[in-house]
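Read the sequence alongside the model when following this explanation.

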Amino acid sequence: MSALVCVARIGAAHGVRGAVKLWTFTEDPFAIRRYGPLLSKDGKRQFEVATAREAKDHLVATFKGVTTRDDAERLNGIELYVPRDKLPATDEDEYYHTDLIGLAAVTTDGDALGRVVAIQNFGAGDIIEIAPPKGPTMLLPFTNAVVPEVDLAGGRVVIALPQEIEGEDEDASASRPGESRDP
């Protein structure tokens, strides 16, 4: 079996007839119905979506065999996976997060930076998280300017480290004569 990719997470029960809130991690939330049975992380449990409808920021779904609120409550927090080979092919310059995690990160000069540990999105665009051999992880915008090359076959991403961050001023913390600073 190919590697498993997380496509959704089951949330709280919704109503009394076995429905749950379902957060999907796919471009089209309803794509989860096309992948066939969804698997638990260990692959031992299968879930088949019976119904799904759109809600505010999630789906409300039912699974075959889950008919009561008690059954639905026991599913809260389960992540749902599909084999990687069931996902559609990506376009050029489009990547699944799972394909990027673990890649070596190098500078444009070829110096090692660390490994890609995650792709985050806190609402303002994708962020690539790189863990260096020592120290805290680096969070950088996942843009063509900062990540000019993704070489999946070569197992690496090239990072053009930003020289400075807009709005940062080296002596911004120093107060000027005659000015006071709030503590």
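Pro83 lies in strand β7, residues 79-83, where strands (E, at least two residues) and helices (H or I, at least four) are DSSP runs numbered from the N terminus. The model is a predicted one, in which local features need pLDDT of at least 70 and side-chain atom pairs count only at pLDDT 80 or more, while totals for chains, interfaces and linings use all residues. Residues are numbered from 1 along each chain as its sequence is written, and side-chain values use heavy atoms, with hydrogens and water left out.

Pro83 has 10% relative accessibility and therefore counts as buried; buried means under 20% relative accessible area, exposed over 50%, and partly exposed in between, with a 1.4 Å probe and protein chains only. From C-alpha to C-alpha, Pro83 is 8.9 Å from Leu38, although 45 residues separate the two in sequence.

For the chain as a whole, the secondary structure comes to two helices and 13 strands. The protein chain has 183 residues, of which 32% count as buried. Of the contacts between residues at least 6 apart in sequence, 46% join residues at least 24 apart, contact meaning heavy atoms within 4.5 Å.

Six of the strands form an open sheet with mixed pairing, in the order β11-β10-β9-β8-β13-β12; two strands pair if DSSP finds at least two bridges between them. The edge positions are taken by β11 (138-141) and β12 (149-151), and each has a single partner strand, so one side of each is left without a neighbour in the sheet. Neighbouring strands here are turned by 35° against each other on average, direction ignored; the axes are lines fitted to C-alpha atoms, for helices over the stretch in contact, and angles run from 0 to 180 degrees between N-to-C directions. Within this sheet, β9 (residues 112-121) and β10 (residues 126-131) pair in the antiparallel sense over six bridges.

Another antiparallel pair is β5 and β6, with five bridges. Thr51 stands opposite Thr62 in β6, and a hairpin of four residues joins the two strands. His58 is placed in the loop between β5 (49-54) and β6 (59-63). With 13% relative accessibility, His58 counts as buried. The His58 side chain makes a polar contact of 2.8 Å with the side chain of Asp57; such a contact is a pair of N or O atoms within 3.5 Å, and within protein one must be able to donate a hydrogen and the other to accept it, with residues adjacent in sequence counting only if both atoms are side-chain atoms. Beyond its neighbours within four places in sequence, His58 is in contact with Lys21, Leu22, Trp23 and Arg53.

Thr26 counts as buried at 17% relative accessibility. The Thr26 side chain reaches the backbone oxygen of Asp28 at 2.7 Å. Leaving aside neighbours within four places in sequence, Thr26 is in contact with Val7, Ala31, Ile32 and Tyr35.

Which elements each supply at least two residues to the lining of the largest pocket? They are β1 (4-14), β7, α2 (97-100), β9 and β12. Strand β1 gives the most, with four residues.
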